[in-house]
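Good morning, and thank you for coming.

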Amino acid sequence: MQVGIMSGHFARSTLEESLDAIVACDIYHLQFNMSSAHLQGPIDEEIESVGPRIRQEIAKRNMTIAALGGPANMVATDPVQRQKAIEKLKVLIAACKHVGTSVIATCTGSRHPESMWRHHPDNASEETWHVLRATLEEVLPVAEAAGVALAFEPEINNVASDAKKSRRLIDEMQSPNLKVVMDAANIFGEHDLPRMSDILDEAFELLGDHIAMAHGKDLDHGGDAGHLPAGTGKLDYARYVSLLCNLPFDVSVILHGLSEAQVPASVAMLRGHAEAFQAAE
């Protein structure tokens with residue numbers, strides 16, 4: 001298990017300054033936000049010239065881009081906005097080779113008219129499910145041709161709201177390039193926290209073979225929960241980390257939802273649980 005962070009949490013005037021600040025926290029794995037490169041125009045117009053510099057600066061610091069950040073509302077109620085989300089994902093897929101990654105971290109989205117992160121009753125409808133499938137049917141062939149994994153988060157406020165729906169989506173789409181970003185803080189319904197261990201175990205049983213990377217944050221209640229820095233809430237990180245460490249690859253766990261001042265404590269917590277798991281093996 002490797003501790004990482006979203007590059008946007010270290011906002012600096014240059015890419016080099018952002019990367020140096022992250023390395024100073026002893027973090028070498030990133031979910032890279034293209035805004036960290038301070039592009040002057042659209043990604044598709046600049047990536048061929050900027051990409052080599054990103055790769056060079058990442059390599060110089062022995063860092064790894066675990067994924068490009070690519071949140072996109074795949075089920076936006078406005079067809080124009082939904083098509084913009086599709087085109088955004090296609091642009092990011094093409095950008096992956098230039099920055100040296102093969103994963104895009106995204107989401108399935110919500111029918112809420114104002115935010116892809118807010119719950120809407122229509123998220124559970126079959127009509128919305130068909131819209132989600134139609135979006136993926138347009139994007140996945142592009143990802144497959146480029147050798148890029150599209151990794152979505154199971155998220156209580158999104159269409160793929162839990163592990164079972166996420167597994168259904170993977171089974172129905174039948175694409176080796178549809179993967180999962182596991183974020184344990186996102187999968188608990190309003191009354192689920194007393195069953196935390198069972199829900200975590202089920203999520204990894206259903207989705208473990210399809211995980212591309214993980215996120216690390218925390219929660220203080222189930223349902224539409226506010227997000228806390230990893231290790232400061234109710235998530236059972238000992239169990240979560242043990243499940244991550246049991247994956248058959250060295251998974252990147254990307255911290256987010258915290259301030260720079262809170263980063264060291266969350267890093268130490270994650271590494272402490274990983275060391276305890278390894279010592280017990």
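**Pockets, a bent helix and a strand pair**

Strand 2, helix 3 and strand 4 (residues 103-107) each contribute at least two residues to the lining of the largest pocket. Strand 4 gives the most, three residues. Helices (H or I, at least four residues) and strands (E, at least two) are DSSP runs, numbered from the N terminus.

Please note that this is a predicted model, in which local features need pLDDT of at least 70 and side-chain atom pairs count only at pLDDT 80 or more, while totals for chains, interfaces and linings use all residues. Residues are numbered from 1 along each chain as its sequence is written, and side-chain values use heavy atoms, with hydrogens and water left out.

What is a pocket here? On a 1 Å grid over the protein atoms alone, it is an open set of points with protein on both sides within 12 Å along at least five of seven lines, and lining residues have an atom within 4 Å of a point. A volume is the space filled by probe spheres set on the points, which are joined across faces, edges and corners.

The largest pocket has a volume of about 510 Å³. Its lining counts 29 residues, and Met6, Pro71, Trp117, Glu153 and His256 lie nearest the centre. By class, this lining has 12 nonpolar, 12 polar and five charged residues. Here Ala, Val, Leu, Ile, Met, Phe, Trp, Tyr, Cys and Pro count as nonpolar, Asp, Glu, Lys and Arg as charged, and the others, Gly among them, as polar.

The second largest pocket holds about 190 Å³ of space. Its lining residues include Ile156, Asp162, Lys164 and Arg195. Helix 6 (196-207) supplies the largest share of that lining, three residues.

I turn now to helix 2. Where does helix 2 kink? The kink, of about 50°, lies at serine 49, shortly before proline 52; the bend is the angle between axes fitted to the seven residues ending at a residue and the seven starting there.

Finally, strand 3 has five of its six residues buried. Strand 2 and strand 3 run parallel and are joined by four bridges, and two strands pair if DSSP finds at least two bridges between them. Histidine 29 stands opposite threonine 64 in strand 3.

Terms used:
1 Å grid on protein atoms, 1.4 Å probe; cavity = no way out; pocket = protein on both sides within 12 Å on 5 of 7 lines; lining within 4 Å. Buried < 20%, exposed > 50% of the residue type's maximum accessible area, 1.4 Å probe, protein only.
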